[in-house]
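I keep these notes as a record of what I looked up, entry by entry. Each entry begins with a question or a topic and then gives what I found.

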Amino acid sequence: SSVLAGYNLGNRMPALTGKNVFFGHFIQTPQALDKYKTLSDFYAGKLNDKQAKAFLSSNKIDWVVYGPEEKQFGQLPNYSFLASKFINQQVTIFRFEN
């Protein structure tokens, strides 16, 4: 299982939590530019429900972080397969419910 988050948190999360991330450091992430584009499209709502669900499923992403950095991409759609598990004024953490 892994986590979808922006660049800053994606770099810190493995060291702080032991969790894998879809995208971390540009130099250490295989196909980094392609992954960053897909990540930004997901957060910007450019993927329809079917595409977004397939993206999360095929990349074994169980958690989606939506905080200040991720909000810069745009408004995350209200995907029916994302259940909010933690919410505060700055961040929402969703669990992917396949």
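**Entry 1: a bridge partner.** Which residue in E5 is the bridge partner of Ile-87? I looked along the strand and found Thr-92. I note here that the model is a predicted one.

Entry 2: I then looked at how E4 and E5 are arranged. The two strands pair in the antiparallel sense, and I recorded 5 bridges between E4 and E5. They form a hairpin, with 4 residues between the two strands.

**Entry 3: the chain as a whole.** I listed the elements next and found 4 helices and 5 strands in the protein chain. Read from the N terminus, their order is β-α-β-α-α-β-α-β-β. The radius of gyration is 12 Å, close to the 13 Å that the globule rule gives for 98 residues, so the chain is as compact as a globular protein of that length. For the extent of the C-alpha trace along its principal axes, I noted about 35 × 25 × 25 Å.

Entry 4: How much of the chain is made up of buried residues? I found that 38% of the 98 residues are buried. The chain exposes about 5900 Å², and carbon and sulfur atoms supply 49% of that area. I also looked at contacts with a separation of 6 or more, and 51% of these join residues 24 or more positions apart.

**Entry 5: salt bridges.** Side chains of opposite charge can pair when their charged atoms come close. How many salt bridges does the structure hold? I found 2 salt bridges, and I took them in turn.

**Entry 6: Lys-37 and Asp-41.** The side chains of Lys-37 and Asp-41 meet in a salt bridge, at 2.8 Å from N to O. Both residues belong to helix H2, which covers residues 32–44, and because they are 4 residues apart there, about one helical turn separates them. Is Asp-41 buried or exposed? Asp-41 has a relative accessibility of 13%, so this residue counts as buried, the cut-off for buried being under 20%. Lys-37, at 46%, counts as partly exposed. I also asked what Asp-41 touches beyond its neighbours within four places in sequence, and I found contacts with Lys-46 and Leu-47.

**Entry 7: Glu-97 and Lys-85.** The side chains of Glu-97 and Lys-85 form a salt bridge as well, with 3.8 Å from N to O. Lys-85 lies in strand E4 (residues 82–87) and Glu-97 in the segment after strand E5 (92–96), so the pair ties together parts that are 12 residues apart in sequence. I looked up the accessibility of each partner. Glu-97 is partly exposed at 44%, and Lys-85 is exposed at 51%, the cut-off for exposed being over 50%.

**Entry 8: a nonpolar patch.** Which residues make the nonpolar surface patch? I found Phe-26, Ile-27 and Leu-33, and the patch has an area of about 360 Å². I then turned to Ile-27, which lies in the loop between strand E2 (20–21) and H2. The relative accessibility of Ile-27 is 75%, so this residue counts as exposed.

Key. Residues are numbered from 1 along each chain as its sequence is written. This is a predicted model: local features need pLDDT of at least 70, side-chain atom pairs count only at pLDDT 80 or more; totals for chains, interfaces and linings use all residues. Side-chain values use heavy atoms; hydrogens and water are left out. A salt bridge is a side-chain nitrogen of Lys or Arg within 4 Å of a carboxyl oxygen of Asp or Glu. Buried means under 20% relative accessible area, exposed over 50%, partly exposed in between (1.4 Å probe, protein chains only). Contact means heavy atoms within 4.5 Å. Patches are made of residues with over 30% relative accessible area and no salt bridge: like charges are joined within 9 Å, nonpolar side chains (Val, Leu, Ile, Met, Phe, Trp, Tyr) within 5 Å. Accessible areas come from the Shrake-Rupley method with a 1.4 Å probe; for residues, only the protein chains shown count as cover. The radius of gyration is taken over C-alpha atoms; the globule rule is 2.2 Å times the number of residues to the power 0.38. Two strands pair if DSSP finds at least two bridges between them.
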